[in-house]
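Thanks for asking me to look at this one.

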Amino acid sequence: MAATLADAAYAKDLTDDMLPADIERKLKEGLTPTLAKLVSDNFEIASTIDLESGSGFNATVWRGVAGKPYAGQVHVSMRGTSSGDDFLADVALTLGGSAGD
């Protein structure tokens with residue numbers, strides 16, 4: 001499940017007030033319909049952070065729905081590189097640069 005929730009972090013515009021059907025619809029943009037339904041049936045979004053700074057960073061906190069197999073579990077999924085500029089910054093860090101604004 002951790003890998004599926006990590007993939008789900010790449011869905012756009014997730015919010016903590018979404019209904020399961022809305023979560024499923026958003027997740028279908030990047031996950032198979034079966035996986036999107038699995039996540040939306042078993043998890044709610046407890047919190048999200050989506051920085052608009054161009055860094056590409058996003059974090060989503062998933063909470064297992066009561067009465068379902070993942071009840072009581074909390075998972076955090078994070079998205080890093082998502083744009084060309086962010087990818088170039090990652091390459092610069094890899095080649096010995098330092099993190100900057």
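1. A definition to begin with: two residues are in contact when heavy atoms of theirs lie within 4.5 Å. Helices (H or I, at least four residues) and strands (E, at least two) are DSSP runs, numbered from the N terminus. Please keep in mind that this is a predicted model, where local features need pLDDT of at least 70, side-chain atom pairs count only at pLDDT 80 or more, and totals for chains, interfaces and linings use all residues. Residues are numbered from 1 along each chain as its sequence is written, and side-chain values use heavy atoms, with hydrogens and water left out.

2. The overall layout. The protein has 4 helices and 3 strands, and from the N terminus on they follow the order α-α-α-β-β-β-α. Of the contacts between residues at least 6 apart in sequence, 39% join residues at least 24 apart.

3. Buried and exposed. A residue is called buried under 20% relative accessible area, exposed over 50%, and partly exposed in between (1.4 Å probe, protein chains only). By that rule, 27% of the 101 residues are buried.

4. The core. A nonpolar core is a set of buried Ala, Val, Leu, Ile, Met, Phe, Trp, Tyr and Cys residues joined through side-chain atoms within 4.5 Å. The largest one here has 13 residues, and L14, I23, L27, V39, I45 and W62 have the most contacts inside it. Two or more residues come from each of α1 (2–8), α2 (20–27), α3 (33–42) and β1.

5. Helix α2. Which residues of α2 are buried? They are I23, E24, K26 and L27. These residues sit on the same side of α2, because they cover an arc of only 165 degrees around the axis; the arc is that of the directions from the helix axis to the C-beta atoms. The cover over the buried residues of α2 includes α1, α3, β1 and β2.

6. T4 is in helix α1 and counts as buried, at 14% relative accessibility. Beyond residues up to four places away in sequence, T4 touches L31, L35 and V39.

7. Salt bridges. The rule asks for a side-chain nitrogen of Lys or Arg within 4 Å of a carboxyl oxygen of Asp or Glu, and the count comes to 5. In one of them, K26 meets D13 at 3.9 Å, N to O. K26 is in helix α2 and D13 in the loop between α1 and α2, so this pair ties together parts that are 13 residues apart in sequence.

8. R63 and E44 form a salt bridge with their closest N and O atoms 2.7 Å apart. Since R63 lies in strand β2 and E44 in strand β1, the pair ties together parts that are 19 residues apart in sequence. Both count as partly exposed, R63 at 38% and E44 at 35%. K37 and D41 form another salt bridge, at 3.1 Å between the closest N and O atoms. They are 4 residues apart in helix α3, and so are separated by about one helical turn.

9. Strand β2. V61 is in strand β2 (residues 58–64) and is partly exposed, at 23% relative accessibility. Not counting residues up to four places away in sequence, V61 touches E44, I45, A46, S47, V74, H75 and V76. M78 is 17 residues from V61 along the chain, and their C-alpha atoms are separated by 8.9 Å.

10. The surface patch. Patches are made of residues with over 30% relative accessible area and no salt bridge, with like charges joined within 9 Å and nonpolar side chains (Val, Leu, Ile, Met, Phe, Trp, Tyr) within 5 Å. I49, L51, F57, V74, V76 and M78 form a nonpolar patch with about 550 Å² of accessible area together. Strand β3 (residues 74–79) gives the most to this patch, with 3 residues. I49 belongs to strand β1 (residues 43–50) and is partly exposed, at 44% relative accessibility.

Key: Accessible areas come from the Shrake-Rupley method with a 1.4 Å probe; for residues, only the protein chains shown count as cover.
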